[in-house]
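Colleague: Thanks for sitting down with me. Could you walk me through how the helices pack here?

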Amino acid sequence: TPPTPPPPPVEEPKPAEPVVPVAELLAAAKQDAQAEKWGEALALLGKITAQEPGSTDAANLRKAIEAEKQFSEKLAALKQAMANKEFEAVLQGTAEFPDESMYKRRAVELHKSAQVQFVATHLEAAKTKLAANDCEEARREADLVLGLEAKNKKAVAVVKRCEVLAK
């Protein structure tokens with residue numbers, strides 16, 4: 001009689017991933033979010049949802065993380081706009097960050113910097129147009145400055161000088 005073949009190898013059951021308490025996973029996800037590690041934070045939330053499909057804490061944190069990730073991308077785009085001297089776009093875009101966003105402080109700083117550059121650029125243009133006796137354009141440039149800084153003395157002086165020249 002032929003020898004009996006050995007029994008097929010028995011597959012060892014893979015040990016299940018240890019269950020980490022949801023509170024720990026939530027804390028870790030929050031920590032990753034604060035460190036701007038969006039992918040890691042969302043992966044942890046996936047684990048929470050697998051353990052507790054109806055977790056409102058996980059759902060709320062996911063919404064917050066996804067929003068912050070979008071603000072992160074928006075801030076990067078606004079920094080690029082700033083580098084391209086698109087000051088008006090930066091001024092508009094930075095105003096859209098909600099107070100509760102972790103990016104609000106950086107957006108405010110970028111806004112201030114864009115405003116300084118915007119004002120300087122348009123004041124210079126106003127002075128150049130005034131020197132060329134083009135009061136219509138000088139006034140338009142000064143009005144852009146006054147739209148941001150209503151009491152800007154240099155812009156007010158351009159407007160007054162144009163009023164004198166018009167008489």
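This is a predicted model: local features need pLDDT of at least 70, side-chain atom pairs count only at pLDDT 80 or more; totals for chains, interfaces and linings use all residues.

Colleague: Are helix H3 and helix H4 roughly parallel or antiparallel to each other?

Modeller: Helix H3 spans residues 56-83 and helix H4 residues 87-94, and their axes come within 8 Å. The axes cross at roughly 155°, and angles over 145 degrees fall in one class. H3 and H4 are therefore roughly antiparallel.

Colleague: Which residues in H4 meet H3, and what classes of residue make up the contact?

Modeller: H3 brings Lys74, Leu78, Ala81 and Met82 to this contact, and these meet Phe87, Ala89, Val90, Gly93 and Thr94 in H4. Sorted by class, the contact has one charged, two polar and six nonpolar residues.

Colleague: Which element gives the largest share of the largest nonpolar core?

Modeller: That core has 27 residues, and Leu45, Ile48, Ile65 and Phe97 touch the most other members. Two or more residues come from each of helix H1 (22-34), helix H2 (38-51), H3, H4 and helix H5 (104-131). The largest share is eight residues, and the element that gives it is H3.

Colleague: What does Ile48 touch, leaving out residues up to four places away in sequence?

Modeller: Ile48 is one of the core members that touch the most others. With those sequence neighbours left out, the residues Ile48 touches are Val22, Leu25, Leu26, Ser55 and Ala58.

How values were computed
Residues are numbered from 1 along each chain as its sequence is written. Side-chain values use heavy atoms; hydrogens and water are left out. Axes are lines fitted to C-alpha atoms, for helices over the stretch in contact, and angles run from 0 to 180 degrees between N-to-C directions. Helices (H or I, at least four residues) and strands (E, at least two) are DSSP runs, numbered from the N terminus. Angles under 35 degrees count as roughly parallel, over 145 as roughly antiparallel, 65 to 115 as roughly perpendicular and the rest as oblique. Contact means heavy atoms within 4.5 Å. Ala, Val, Leu, Ile, Met, Phe, Trp, Tyr, Cys and Pro count as nonpolar, Asp, Glu, Lys and Arg as charged, and the others, Gly among them, as polar. A nonpolar core is a set of buried Ala, Val, Leu, Ile, Met, Phe, Trp, Tyr and Cys residues joined through side-chain atoms within 4.5 Å. Buried means under 20% relative accessible area, exposed over 50%, partly exposed in between (1.4 Å probe, protein chains only).
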